[in-house]
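Here are my notes on the model, point by point. Please read them with the structure open.

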Amino acid sequence: MKFTLSWLKDHLETEATLDEIVERLTAIGLEVEAVDDKAALKPFVIARVLTAVQHPDADRLRVLSVDTGDGKAPVQVVCGAPNARAGLVGVFAAPGTYVPGIDVTLSVGKIRGVESFGMMCSERELQISDEHNGIIDLPEDAPVGTSFAAYAHIDDPLIEINLTPNRPDATGVYGIARDLAASGLGTLKTAPVEPVAGKGATPVRLTIEAPELCPGFALRLVRGVKNGPSPRWMQQRLIAIGLRPINALVDITNYITFDRGRPLHVFDAKKVVGNLTVRRARDGEKIMALDQREYELTPQMCVIADEGGVESIAGVMGGEHSGCDENTADVLIESALWEPLNIARTGRTLGIITDARYRFERGVDPEFMVPGLELATRMVLDSCGGGATDIEVIGYAGHTPKTVSFPLSEVKRLTGLEVPKDESLSILSRLGFTPQGAGETVEVTVPSWRPDVDGKADLVEEVMRIHGVDEIAPQPLSSHGAVNGRILTTLQIRTRAAKRALAVRGMMEAVTWSFISARHAELFGGGQKALKLANPIAADMSDMRPSLLPGLIAAAQRNADRGFGDVALFEVSGTYEGDTPDAQRRIAAGVRRGTARLTGAGRYWAGNAGPVGVFDAKADALAVLEACGAPVDRLQIEASAPGWYHPGRSGVIKLGPKVVLGTFGEFHPAALAGLDVSGPLCGFEVFVDAIPEPKAKPTRTKPKLELSAFQAVKRDFAFVVDRAVEAGTLVRAAIGADKKLITGVNVFDVFEGAALGEGKKSIAIEVSIQPVEKTLTDEDFEALAKRVVDNVAKQTGGTLRG
Amino acid sequence: MTFNSLENSLLAEIAAAGDEQAIEAVRLTALGKKGSVSELLKTLGAMTAEERQVKGPAINGLKVRVTEALAARKAELKDAAIAARLVAEKLDVTLPVRSSPAERGRIHPISQVTDEIAAIFGDMGFSIAEGPDIETDYYNFTALNFPEGHPAREMHDTFFFHPDDKGERKVLRTHTSPVQIRTMEAQKPPIRIVIPGKTYRQDSDATHSPMFHQVEGLVIDKTANVANMKWVLEEFCRAFFEVPSVKMRFRPSFFPFTEPSLEVDIQCDRSRPGEVRFGEGSDWMEILGCGMVHPNVLRAGGLDPDEYQGFAWGMGIDRIAMLKYGMPDLRAFFDADVRWLSHYGFRPLDMPTLFAGLSS
C-alpha cells in the first residue's frame, strides 16, 4: 500500500514531520517498508532556454544557452530534443546531478566537439512519466531558478507500508489517517461524503443470481460525461504510487480504491447490452479482461454479465469490451460487495493480482458501499460533467455490527500493561469502536470496517498497539526454581551423538533436500504415490526421500565434479516410509567416496590411502550405533542388505531376528548408474529410532570392576574352512568355547591359496584368555585349546591348520 | 718386558680397541688364564714376604688399572655405538603427518545453531519438542486458526501431496507451529518448549529455500504475557548473538495463530560489507514473529483460553545462523559443498554450552 504525504494530509490534520509519521506507522502495526522523501529531485531547477543554435557537427543536436536562474552567466547545453528551442522554459540538471531515469550522474561532457554543462530533462528522465518525445516544456511564467519538483508538486514524499492481511481498513489512505489520529498524531478529518441527488431511475436493471457471492450491489448511471484526462493533481498522485493515469473515469475508480479502500468499476453504458446479472460463470465461459488477456472461467467464479456475455470478473478485473475510453458518454458506476474467500480463490486460480482483489479478499467496509458510489459520482460530475440517476441498491441487507464483551482487565492479563480504564476506552473510541457500559466489562461494538476483530484478544491488540508496545517492560519468566534436569529426549540425544560421532570420524555433515527425483526414490525403495508432491518446485524434487543415501551420493558426486573426489559426508535426518507421523524415520547415514578413509585420504609418503570399501562403511555404522548407546556386543551382521547395495559387499546390522538397526556396504553398479555417479563409494544407514530405549537404571553407580590377579595370555589358532564360512560365525564359535576364560577373539589373518584346496580359506584368530581363579597349567591350556578347536569344527566344519 | 712398559703397552692396546671383540681380546691377553697380568699375579706365590710386600701392590695396582681401563673403554665404545645408531636412525621430522579425523570433520551450521538454541532455552527451563514434516491440513492450518480459503494460507506457498481416498491432501508443514497443537494435545500446562525442525515453502532465491529450518517457542501457563515474551526473546537474542546487550523493536503485526501479534526487529550495524554486528548501529533487521497464542489455537489444543494463556514465537534457524556467522546465501546450506562445509561448519568437539560460551 503506497500513498503520499500530502494525500495523507487530506485526511489527517497534523504538525508531525515525515519521520515522526513513518516511525508511528511502524509502531502501530502499519510497517513502513519504504520512504521516498524525493530529495533526489531537489537538484532539478526550472530554467529558460535563451538561444538554441544548430550543432556545427550534428543534424539532430542543438546547442542551447540556458539561464538557470542562479544569477550567473548562461550555461551551454547540448540537447537532442526536437522541441528544444529558444524561449522554452524547462527543467535543468547541472553536472553532478544524478538523473534517475537514465541512472547516470551527470558530468561535463563533450558532444561531437561541443562542451555541454548539464542537461535539459524529459519527464521520463525524472521518472515522472514515460514521456520522452521531448524535454519538459513548462508554461512561460514558471519561476526560473526554483525547484521544479516543488513547482510540479512532485516533491510529495512517498510512503509504502507492508500491510498485514487482516487490515482491510488500512488499504485506503483514510483508514491509515484514522489509525494515526487514534495514536495521537493529529486529527482525522471526518467530513462525511455528500450524497449526489439523482434524477430518475437507473435504466439498467441488475439481478443478483448468486447472493452467496454478492451480498450487495449499488449502481447508478451518469449520462453525458466527457471522459478526458483526469485532473492533474489526481494524475500526480496516481503516478506517485505507481499507477498509470488512463482517463478520468478509470482514474477516479483507482483514486477511490486507494483513498478509501473502496474499489469501484465503471462500464461504458452504451456497450452494455440489456440488463446486468451477477451470477456464477458458466464452465468454460471466457472473457477478454482489461489487461488484454483472455481468461477461461469456472462456476466457482462470480461474474457480472449482460445479455451479450461476461462483462467483468466480479471484484477482480473488468472486461475490455465494456471498458470506458475517451468516447464514453454514459457511464455505469458499480460499487459492490463480494464474498472475500471467493475473490481470493478466483484471483489465485486465474493468477490475477489487482488492487480490487487485494481489497475485496480482505473484506471491504460494507457500510461504505453507497458512500463510495456517492463519492465517485461527485468526482465524475466534477471532472466529466453529466447527470446522475438515482442509486440502485440491490441485495444489501445492511450491516449487523459485531459486539464483543470485553473485560478491561484482559489488557493487563495478556500484555502486562497497566492501561487506565479511560485510556483503553478512549483508544477504542478513537478507532471507531463503540464501548458501552460503565463496569469492568464493557460491550464493544466493532465498526463495519474492521471485519478482523471478533474477540477479546483482538481488542487487547488494539489497545496495546495504540497505547504503545514500547510501554511494555520486559518481565522475567517465572523461574522454575531448580537446577535443570535433562531436557532432550533419547532420540534427540542420539541424533546429536550420531552427528558428533560421525564428524569426529572426519566426515562432514550435509543437509540435503527431503525431496528427491522419482527415479532416485524408486532406486532406493521409494516412489509410492502418497509421498509424491502434487506441486514440486522442480521436477527432480518430487518425491519424499525413502533414504538419505541418494541425496548424499549425489552430493558426493557434485563435489567430485568440482574436483574434490575424496569426500566423506553424513546426514542425520528424516526419511519417509509413509505420510503418517510414525512413518517418518530418523536416520544417520553417510557416504565415503574415493579414498576418504578414516585415517585420511589420498597419497601419503608413508603409504597411500586405498579406495573406500565396505569395511569403512561398516566401521562408520558401528561407530554411530556405539555413540547412540546401542548394545554393540549383541549386534549381528548379516549379508542381506537391500538391492541398492553390492550383494557381495554389504551387510545388515540386526539386534535379534527382527530389529534392523542399519545397513552398510558398497553400492550396486545399477544403483550407481541410476544415480549417474561413479565410485569408489561406500555408505551406510543407521536407523537411530530403532535402537531400543536404554533401561531405566535405579543408580548411576557403575558395576564393580573385577581385576584378575592372574596374567592374561593370548593363543593363536588358524583354521581352514570353506570359503562360504563367515568369520563372524567362527569368532562366535571360538568365544563360545569357554565364555568364562575367553575374553576376546581377534581375526588377524584371512587368506585363500591353492595350498589350502579348492573353495577353502584360512582364518587366523588370536584368542585372549583371562584366568580368573588360578594360573592355568599347560594341561588347562591344552584342554581350552581343544574346546576352541572342537567348537569351531562343530559350528563351521573348520579344521586346525597344520 | 718391564712392568711399566707392560702397563703402557696394555693401556695402548685398550685405547686402540675399536669394538667389543677387540676389548675382549685385550682382556684375555692381560687378564685371561694365560694373560700377561695373570701370569704376573701367579708369580706372587713364589716370592718372599719382603718381595711380595713390594711387588704385590704394584702387580695388583696394574691389574686394577687395566681392569678399569677396560671398563672405561667398553663404556666409551657403547656410548659411541648408541650415538652411531641414533645418527643412523635420524628421520626428517618435517615430513607431514595425517590430520586428526576430528579436525577434518564438520558439524553443519544448522545443527550447531540448533544446539546453541537448545543450550539457551534449556537454561530457561524449556524442553525440545519435535513433530513430523508431513502434516495434515488440520495441524498445519485449521487448528492454527487459518480459516479455510483465507488469504493467509496463500501466503504460505504450501507444498501439497495428492489427495487420498477421502479427498484429504497432506501438506509439507509450512512452519513448525503444528507441534504447538501436538504438544498441547499430549501434555497439560505449564508448557515451555522450543521446536526446531524442517519447514517447507514453494519459494527459492538467495534468502528463501523450498526447505528451511525454523525454531518455534511455546509457553503456556496461567500468567505468561507479552512482557514475559519480551524478556524471553531479548534474553535469547543477547545470549545467542553473544553480545552484552541488544536493542529490539516489537511491532504490532498479524499472524492467524497469535493475538496480539508482533514482529521483532533487532538493532544492528550493517555498515561493514558482509558483516552484521548486533548491539550497535542504527539499522533494524526483522528477526522473528511472535504473539500471544490465539484463543482459537488454545481451544484447538483442548485448553480454555480464559484459564490458560501463553505466547509463541517462530524464527528461521538458517536465518539467524546467517546473521550470526555471515553466510551470504541460504541455498549453499543445502549444497553439501565440502569447501563451504569446511569453512562455515563447526569442529565436532566444539559443543555449544553456556558455561564455556556458545561459540568461543
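1. A definition comes before the rest. A residue counts as buried if 20 or more other C-beta atoms lie within 10 Å of its own, as exposed if 12 or fewer do, and as partly exposed in between. Take Glu242(B): it has 14 other C-beta atoms within 10 Å, so it is partly exposed. Keep in mind throughout that this is a predicted model.

2. Stay with Glu242(B) for its backbone. Its phi is near 55°, a positive value in a residue other than glycine. Glu242(B) sits in the loop between helix H10 (226–241) and strand E6 (248–255) of chain B. Ala336(B) also has a positive phi, of about 60°, although it is not a glycine. Its place is the loop between helix H12 (317–325) and helix H13 (338–344) of chain B. Is Ala336(B) buried or exposed? Ala336(B) is buried, because 24 other C-beta atoms lie within 10 Å.

3. Check two cis peptide bonds. One runs from Gly679(A) to Pro680(A), with omega near 0°. Pro680(A) lies in the loop between helix H17 (669–675) and strand E38 (681–687) of chain A. The other joins Pro189(B) and Pro190(B), with omega of about 5°. Pro190(B) belongs to the loop between helix H9 (178–186) and strand E4 (191–200) of chain B.

4. Among the buried residues are Pro178(B), Ile181(B), Arg182(B) and Met184(B). The cover includes E4, strand E2 (134–135), helix H7 (137–140), strand E5 (211–221), helix H11 (295–300) and strand E10 (309–316) of chain B.

5. Now the overall form of chain A. It has 19 helices and 42 strands. Its radius of gyration is 41 Å, whereas a compact globule of 802 residues would have one near 28 Å. The C-alpha atoms fill a box of roughly 125 × 85 × 60 Å along the principal axes. Buried residues make up 45% of the 802 residues. Among contacts in chain A with a separation of 6 or more, 69% are between residues 24 or more positions apart.

6. The domain assignment of chain A runs from domain 1 to domain 6. Domain 1 comes in two pieces, 2–38 and 157–188. Domain 2 covers 39–151, and domain 6 covers 713–800. How far apart do the C-alpha centres of domain 2 and domain 6 of chain A lie? They lie 101 Å apart. An unreviewed UniProt entry places the feature "domain: FDX-ACB" at residues 708–801 of chain A. Over residues 708–801 the chain is 31% helix and 34% strand, and the end C-alpha atoms are 32 Å apart.

7. Turn to the nonpolar cores. In soluble globular proteins, nonpolar side chains tend to be buried together. Here the largest nonpolar core has 172 residues. Those with the most contacts inside it are Cys214(A), Val303(A), Val331(A), Val380(A) and Phe311(B). H10(B) gives the most to this core, with eight residues. Apart from it lies another core, of 79 residues, including Ala498(A), Val612(A), Phe212(B) and Val338(B). Leaving out residues up to four places away in sequence, Cys214(A) touches Ile208(A), Val278(A), Cys302(A), Ala314(A), Ala336(A), Leu337(A), Trp338(A) and Gly395(A).

8. The contact between the chains takes 76 residues from chain A and 69 residues from chain B. Elements that give two or more residues to the chain A side include helix H2 (18–27), helix H7 (340–350), helix H13 (490–504) and strand E33 (568–576). By class, that side has 39 nonpolar, 20 polar and 17 charged residues.

9. Finally, the annotated site. An unreviewed UniProt entry places the feature "binding site" at Asp452(A), Asp458(A), Glu461(A) and Glu462(A). Asp452(A) is found in the loop between strand E29 (441–445) and H12 of chain A. Asp452(A) is partly exposed, because 18 other C-beta atoms lie within 10 Å. Asp458(A) is in helix H12 of chain A. It counts as buried because it has 20 C-beta neighbours inside 10 Å. Beyond four places in sequence, Asp452(A) is in contact with Asn166(A), Arg167(A) and Asp458(A). With the same exclusion, Asp458(A) touches Asp452(A), Val453(A) and, in chain B, Glu259(B).

Notes:
Residues numbered from 1 in each chain as written. Chains lettered and ligands numbered in written order. Predicted model: local features only at pLDDT ≥ 70, side-chain atom pairs only at ≥ 80, totals over all residues. Helix = DSSP H or I, 4+ residues; strand = E, 2+ residues; numbered from the N terminus. Domains from an automatic or database assignment. UniProt positions renumbered as here; feature names shortened; annotations may be inferred. Contact = placed C-beta atoms within 7 Å. Core = buried A, V, L, I, M, F, W, Y, C linked by C-beta atoms within 7 Å. Nonpolar A, V, L, I, M, F, W, Y, C, P; charged D, E, K, R; others polar. Rg over C-alpha atoms; globule rule 2.2 N^0.38 Å.
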